[in-house]
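Could you take me on a walk through this structure, one selection at a time? I have it open in my viewer and would like to know what to click on next.

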Amino acid sequence: MKRSFITLAVAALCVVPMAAGAQEVHEGGLGILGGWSYGQVPSSNTSGHGSLSGNSGFALGVGAESGGPVGFGVNALFAQRGFRSNLFGNSQTLSYIDVPIYLRVAVPNAAVTPFALIGPQVSFEMNCNANGTDCPSGRNKTTFDGIAALGLKFPALGGLSIQARYLYALQNLDYGTVSNQSNYRQRSFMLLLGIGF
């Protein structure tokens, strides 16, 4: 009997904040983000470097946002990107810790909240693989990018959200596998799911 009472009391304490949160159009807080990151091939002259394709992988991390129709947010995401080549040693498959800081604009709605975000991002390279060989040395392992995204948040579903995010590199990576080394800037498209808590 006592165990049942304690269980009901704990459940009630959990339901009260959930119900209160459902009344909010958009509340800030912490959350988890995860999804898929689509890579893109270099936009420079790549003759002699084999058949290239974008390297795609997962993205996973945490985020924090302020509340209201206009606010700010920050993420810390592990993300994979780069490109692959059919020639040994010419691929550049990379993993990063991305830290974007962005302005967020939302259209308040109790059922579905459309939102957009834009801002700068700093990325820290964690790993680089060139088909089993080392990536060129002397490159920048900290890069600066810009991001923009559109998405929908569902307040009644515990803050579940979905977004399409685009990353535009602001600096050249100067990889030795690209003929025109001064013209390789990373591009990446992400589809992310989020849940607030």
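Start by selecting strand E8 (residues 160-169) together with E9: the two pair in the antiparallel sense over eight bridges. Strands here are DSSP runs of at least two residues, labelled E and numbered from the N terminus, and two of them pair if DSSP finds at least two bridges between them. Within this pairing, isoleucine 162 has leucine 193 in E9 as its bridge partner.

A word on what you are looking at: this is a predicted model, in which local features need pLDDT of at least 70 and side-chain atom pairs count only at pLDDT 80 or more, while totals for chains, interfaces and linings use all residues. Residues are numbered from 1 along each chain as its sequence is written, and side-chain values use heavy atoms, with hydrogens and water left out.

Look for isoleucine 32, opposite isoleucine 195 in E9.

Stay with these two strands and show the side chains of tyrosine 38 and phenylalanine 189. Their ring centres are 6.1 Å apart and their planes at 35°, so the pair is tilted. (Rings of Phe, Tyr and Trp, using its six-membered ring, pair if their centres lie within 6.5 Å; planes under 30 degrees apart are stacked, over 60 edge-to-face, and the rest tilted.) Because tyrosine 38 is in E1 and phenylalanine 189 in E9, the pair ties together parts 151 residues apart in sequence.

Now select phenylalanine 58 and phenylalanine 78, another tilted aromatic pair, with 5.5 Å from centre to centre and 35° between the planes.

Time to look inside. Select Tyr102, Ala106, Phe115, Leu117, Ile147, Ala149 and Leu167, the seven residues of the largest nonpolar core. Such a core is a set of buried Ala, Val, Leu, Ile, Met, Phe, Trp, Tyr and Cys residues joined through side-chain atoms within 4.5 Å. Buried means under 20% relative accessible area, exposed over 50%, and partly exposed in between (1.4 Å probe, protein chains only). Strands E5 (92-106), E6 (113-129) and E7 (142-154) each supply at least two residues of this core.

For a last stop, compare two residues. Serine 95 is in strand E5; at 8% relative accessibility, serine 95 is buried. Lysine 141 sits in the loop between E6 and E7 and, at 48% relative accessible area, lysine 141 is partly exposed.

Terms used: Helix = DSSP H or I, 4+ residues; strand = E, 2+ residues; numbered from the N terminus.
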